Amino acid sequence: MVERTTVRLPSELLSRAKRMAAEEARTLTSLIEEGLRLVVSKDRQKAKRLRGRVPVSKATGGLMPGVDITKYSDIQGMDDLEYAKRLKSGFK
């Protein structure tokens, strides 16, 4: 059974969704349906695992040496070093 409903979305998000649906030659409804199915499915757990996390050493189970989680500047510094490495290697 198919039901109709009204949803309120930010205009920027709706515009992007309409563009994507048009680029993929599909309806906005099918795009929204696919997104909802992903969110409510068990694949959501997989998506959560892909989100960024604080680096953790697998050897000790704790934070990597030199990372003080109470100091944002340490974490930001590690990100800056990683970014600089990628710049030097041409983002490979």
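**Notebook: salt bridges, surface and pocket**

I began with Glu24, which is partly exposed at a relative accessible area of 41%. For this term I took buried as under 20% relative accessible area, exposed as over 50% and partly exposed as in between, with a 1.4 Å probe and protein chains only.

I noted that the model is predicted, so local features need pLDDT of at least 70 and side-chain atom pairs count only at pLDDT 80 or more, while totals for chains, interfaces and linings use all residues. Residues are numbered from 1 along each chain as its sequence is written, and side-chain values use heavy atoms, with hydrogens and water left out.

**Fold**

I looked up the secondary structure and found four helices and zero strands. Along the sequence the pattern reads α-α-α-α. Both kinds of element are DSSP runs numbered from the N terminus: helices are H or I of at least four residues, and strands are E of at least two.

I then checked burial: 5% of the 92 residues are buried. The accessible surface is about 8,800 Å², and carbon and sulfur atoms hold 56% of that surface. The areas come from the Shrake-Rupley method with a 1.4 Å probe, and for residues only the protein chains shown count as cover.

**Salt bridges**

How many salt bridges does the structure hold? I found four, taking a salt bridge as a side-chain nitrogen of Lys or Arg within 4 Å of a carboxyl oxygen of Asp or Glu.

Arg26 pairs with Glu24, and their closest N and O atoms are 2.9 Å apart. Arg26 also pairs with Glu34, where the closest N and O atoms are 2.7 Å apart. I recorded Arg26 as partly exposed at 27% and Glu34 as partly exposed at 39%.

Glu33 forms a salt bridge with Arg37, at 2.8 Å between the closest N and O atoms. Both residues sit in helix H2 (residues 28-40), four residues apart, about one turn of the helix.

**Ala25**

Where is Ala25 found? I placed Ala25 in the loop between helix H1 (11-23) and H2. Its phi is near 55°, a positive value in a residue other than glycine. Ala25 is exposed, with a relative accessibility of 71%.

**Nonpolar patch and pocket**

I looked for surface patches, which are made of residues with over 30% relative accessible area and no salt bridge; like charges are joined within 9 Å, and nonpolar side chains (Val, Leu, Ile, Met, Phe, Trp, Tyr) within 5 Å. Val7, Leu9, Leu13, Ile32 and Leu36 form a nonpolar patch with about 430 Å² of accessible area together. Ile32 lies in helix H2 and is partly exposed at 35%.

The largest pocket has a volume of about 490 Å³. Of its 14 lining residues, Glu3, Thr5, Thr29, Ile32 and Leu36 are the closest to the centre. H2 gives the most to the lining, with seven residues.

My terms here were as follows. On a 1 Å grid over the protein atoms alone, a pocket is an open set of points where a 1.4 Å probe fits, with protein on both sides within 12 Å along at least five of seven lines, and lining residues have an atom within 4 Å of a point. Grid points are joined across faces, edges and corners, and the volume is the space filled by probe spheres set on the points.

I sorted the lining residues of the largest pocket into eight nonpolar, two polar and four charged. Nonpolar covers Ala, Val, Leu, Ile, Met, Phe, Trp, Tyr, Cys and Pro; charged covers Asp, Glu, Lys and Arg; the others, Gly among them, are polar.
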